[in-house]
Amino acid sequence: MTSDRLKRKILLLIPLLGLFLLLAACATTHDRLLDMDTSQVQLRSIQSRAFDTTDKEKTMRAIIATLQDLGFMLDRADYTLGVVTASKARADSMQMQVYATLRITVTVRPRGEKQLLVRASAEYQRSPVTDAKPYQNFFNSLEKAMFLEAHQVD
Amino acid sequence: MRFSFRSGSVVLAVLLLMTGCAAVTLDADLNLTPEMYAQRQMQTRRFDTTDEQKILRTCSALLQDTGFTIDESETRLGILIASKERDATDAAQWAVFIVGAFFGVTLPPDKDQIMKAFVTTRPVGTEGKQVAVRVVFERTVFDTEHRLKKIEALNDPKIYQSFFEKLSKALFLEAHDI
């Protein structure tokens, strides 16, 4: 009697275990696809700056000019959506420089009545860039092309 | 036998070196440097016109004439991106390859390359009476074993001079330095 119950319990456990294994596999893919490593709010603040202008075209042109100055190759640009994507890849096997790539997406959208919010998100060697410094550098470069100060936002 | 051991250790040393150095870094590549400004100078010309779209149209025709295919464009933002795939065979590299093969060193020569052009236009001057055109060329090179060998910006001033000479002829306008 007791062994019968035990057997039934084990039989129930096996599909459960299988389900867990399946779920675990799903979770890793999900994590990669929609991962949010750092606190999302913190990252957004690192990646964003507000500019005192409402001229979207001028702002996007300044972003593109900055990226061109920095040696990036443009992949995509859409005025309506306010999106610019560019990448910089370099390699030189003769000079012992290994392949490295830096990709960046910059978006522009209105912030209130008098400002535009510029957000940049970068990817370096297949990982998201979450340090503040590279974004700081990018916005410093952009400020010069905009002739406007970039304001930190919360 | 002794020779192959020596060349083996050279290859090992080279491999070790290769692991240390990335061609693009987060520290260096988002910072504007004086060299980048010098490059902008070389890659940009101004034309006396208010018709930015005409310049873009002429640029796309010029790129087409030189065998490029247009990949992406956005007129409102003054952008054109084009590319072409061409042979990258270099006689000197083949000579090195053949000589090297005698000593058991293989240095596969360049075979194919993808060339990219990135053109931007923007109105400049106090009343927007001029249009500045900037073009950047870069190329990706693969060796005879289809391995990525090099991705580099093309920095020979002659390339840019020649591009702007052709553009200025097609526009019937003089190209000014910035």
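In what order do the elements of chain A run from the N terminus on?

**Figure 1. Elements of the two chains.** From the N terminus on, chain A runs α-α-β-α-β-β-β-β-β-α-β. This is a predicted model, in which local features need pLDDT of at least 70 and side-chain atom pairs count only at pLDDT 80 or more, while totals for chains, interfaces and linings use all residues. Residues are numbered from 1 along each chain as its sequence is written, and chains are lettered from A and ligands numbered from 1 in the order in which they are written. Chain A holds 4 helices and 7 strands, and chain B holds 5 helices and 7 strands; helices (H or I, at least four residues) and strands (E, at least two) are DSSP runs, numbered from the N terminus. The order in chain B is α-α-β-α-β-β-α-β-β-β-α-β. Of the 154 residues in chain A, 29% are buried, and of the 178 residues in chain B, 25% are buried. A residue is termed buried if 20 or more other C-beta atoms lie within 10 Å of its own, exposed if 12 or fewer, and partly exposed in between, with C-beta atoms placed from the backbone.

**Figure 2. The contact between chain A and chain B.** Chain A contributes 35 residues and chain B 34 residues to the contact; two residues are in contact if their C-beta atoms, placed from the backbone, lie within 7 Å. On the side of chain A that touches chain B, two or more residues come from each of helix 3 (56-69), strand 2 (73-78), strand 3 (83-92), strand 4 (97-111) and helix 4 (132-146) of chain A. Helix 3 of chain A gives the largest share, 7 residues. This side of chain A comprises 19 nonpolar, 7 polar and 9 charged residues. Here Ala, Val, Leu, Ile, Met, Phe, Trp, Tyr, Cys and Pro count as nonpolar, Asp, Glu, Lys and Arg as charged, and the others, Gly among them, as polar.

**Figure 3. Strand pairing at strand 6 of chain B.** Strand 6 (residues 148-153) of chain B pairs with strand 3 of chain A in the antiparallel sense over 2 bridges; strands pair if DSSP finds at least two bridges between them. Asp92(A) has Lys150(B) as its bridge partner, and Ala91(A) has Ile151(B). Within chain B, strand 5 (residues 130-143) and strand 6 run antiparallel and are joined by 5 bridges. Arg139(B) of chain B stands opposite Glu152(B) in strand 6. The hairpin of these two strands has 4 residues between them, and His146(B) takes a positive phi near 60 degrees.

**Figure 4. The largest nonpolar core.** This core has 58 residues, and those that touch the most other members are Ile63(A), Ile64(A), Leu74(A), Cys59(B), Val133(B) and Val135(B). A nonpolar core is a set of buried Ala, Val, Leu, Ile, Met, Phe, Trp, Tyr and Cys residues joined through C-beta atoms within 7 Å. Leaving aside neighbours within four places in sequence, Cys59(B) is in contact with Leu80(B), Val119(B), Val133(B) and Leu167(B).

**Figure 5. The surroundings of Gly78(B).** Gly78(B) lies in the loop between strand 2 (69-74) and strand 3 (79-87) of chain B. Gly78(B) counts as buried because it has 27 C-beta neighbours inside 10 Å. Not counting residues up to four places away in sequence, Gly78(B) touches Arg61(A), Glu52(B), Leu56(B), Thr120(B), Thr121(B) and Arg122(B). The C-alpha atoms of Gly78(B) and Thr121(B) are separated by 4.8 Å, although the two residues are 43 residues apart along the chain.
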